[in-house]
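This report covers aromatic contacts and ring–charge contacts. The sequence and structure come next.

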Amino acid sequence: MTISIASQEISEQQLDNEVVLSVEGVSKKFCRDLKRSLLYGVQDIATELVGIRQKSEKLRRDEFWALKDVSFQLRRGEALGLVGPNGSGKSTLLRIISGLIKPDSGFVEIKGRIAPLIALGAGFNPILTGRENIYANMSILGLSKKEIDERFEAVLDFAEIGAAIDAPVQTYSSGMAARLGFACAIYTEPDILLIDEVLAVGDIKFRAKCYRRLAKLREQGTSFILVSHNSHSILSICESAIYLLKGKVVTVGNTDSVVDKYEKDLFSNEIKNQAKLLSLTDKYESKQSDLNITALCFKDEQGNLTRSLLSGETTYFCVEFKAYKEIENVTLSFLIQETFGESEHVLCINTQQDGESWDILPGYYEIQLKMPYLGLKPSFYTLKLSISKNLYYMLDAVESFKFTVEGKGMSQCLFYQPRTWKLVRSHNI
Ligand code: ADP
Ligand code: MG
């Protein structure tokens, strides 16, 4: 009870927070053709100089809207995630916010100091040393020499690049350049930090350190815009998110619902893009093999076919096949991956491990794998499966079978934990 009251207070407090960034109706067009884009650039400058340039809502030949009518607000201490497929305009939006490029229409209003972390080592001069770049970079971000002097050691310490600080940045690995860029940006103590997919670099320890530092900055009231391919990091850091598609805002709202919509779209595209693997029944039969997988499906406790899987529910995974010959020592192995996840395998099972193998006669069969509690958390998965003889001689395989697991409020978990709760009173006061 007390917890819910506390969080309510926080959210009310956040509602009162001032807006530090406001993006209003921002549109930006680009030209696909470089030559033509230069020509348009010269035309635009010329017409602007004589004062007749109008902000055209029309596209000229080869132009397209990289951003169209994007509006949102960011409040003090808020972390906003930006998701969308490649080319949806995320980087363009960050570049406009940071002032690197101008929008064709709309405006951006910023209160305070903004620090962009947009491309690896962006803003670094490759022939200057790390030390010189720290000064150059942090002064561009608005710090005085004295302020940089004060922070220098902290930046060096955070970036962990040691003696290389006096070597030219062009000799740095991309990880080193990213660490230095990150350290510079966060030690300017900005009011708004823009992060474009840079957290994906570096080893896990450095990433963990970055996240801790981000959390600290956030406590101090820094606002963030974070672009990431990894929905997990968006989910764990951001309370709200924007889903951009072809330059337009599809959804804005709380992170869970936005990421959910984004992943569903991604997933349904994936399904559309690939051959229908769900019904293997119409898969052509290759007579060359002794065995053919004919269908894959999920069944519930009652043996009914099910399309929607739920974490924690009893689930049967069934593989139907046809054997043309007598085969000994038939085994099955399967491997599950999270479709958009980082880790290679989530689950890797084979019947051999479990001491199961079968000798079969010609005929139709179904192997049923019973999972008393489906331990997979809600997400999108890709399954690879193979049936073999003596484990190594592969008879037939399915390369990628896609499925979805649903469930509530488990976006931060790694797996489903079967559980029960109980309150035990130990003694009276
Ligand atoms: P995202 O970061 O979401 O992957 P971007 O903002 O980088 O997308 O790009 C959006 C679209 O604009 C893409 O189609 C990209 O090719 C195009 N684009 C980006 N910058 C330029 C540019 N300077 N000139 C022409 N086209 C560009
Ligand atoms: Mg980008």
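## Tyr 381 and Phe 403

Phe 403 counts as buried at 6% relative accessibility. Buried means under 20% relative accessible area, exposed over 50%, and partly exposed in between, with a 1.4 Å probe and protein chains only. Tyr 381 is also buried, at 2%.

## Basis

This is a predicted model: local features need pLDDT of at least 70, side-chain atom pairs count only at pLDDT 80 or more, and totals for chains, interfaces and linings use all residues. Side-chain values use heavy atoms, without hydrogens and water, and residues are numbered from 1 along each chain as its sequence is written.

## Aromatic pairs

The structure holds 13 aromatic pairs. Rings of Phe, Tyr and Trp (its six-membered ring) pair if their centres lie within 6.5 Å; planes under 30 degrees apart count as stacked, over 60 as edge-to-face, the rest as tilted. Tyr 135 and Phe 152 are stacked, because their ring centres lie 5.6 Å apart with planes at 25°. This pair links distant parts of the chain: Tyr 135 is in helix 4 (residues 130–140) and Phe 152 in helix 5 (residues 145–159), 17 residues apart. Helices are DSSP runs (H or I, at least four residues), as are strands (E, at least two), numbered from the N terminus. Tyr 135 is partly exposed at 23%. Phe 152 is buried at 6%.

Tyr 381 and Phe 403 also form a stacked pair, 5.6 Å centre to centre with 25° between the planes. Tyr 381 lies in strand 18 (residues 379–389) and Phe 403 in strand 19 (residues 393–406).

## Charges over rings

The charged end of Arg 213 sits over the ring of Tyr 187, 4.4 Å from its centre. The criterion: NZ of Lys or CZ of Arg within 6 Å of the ring centre and within 35 degrees of the ring normal. Lys 389 places its charged end over the Tyr 393 ring, 5.5 Å from the centre.

Notes:
Chains are lettered from A and ligands numbered from 1 in the order in which they are written.
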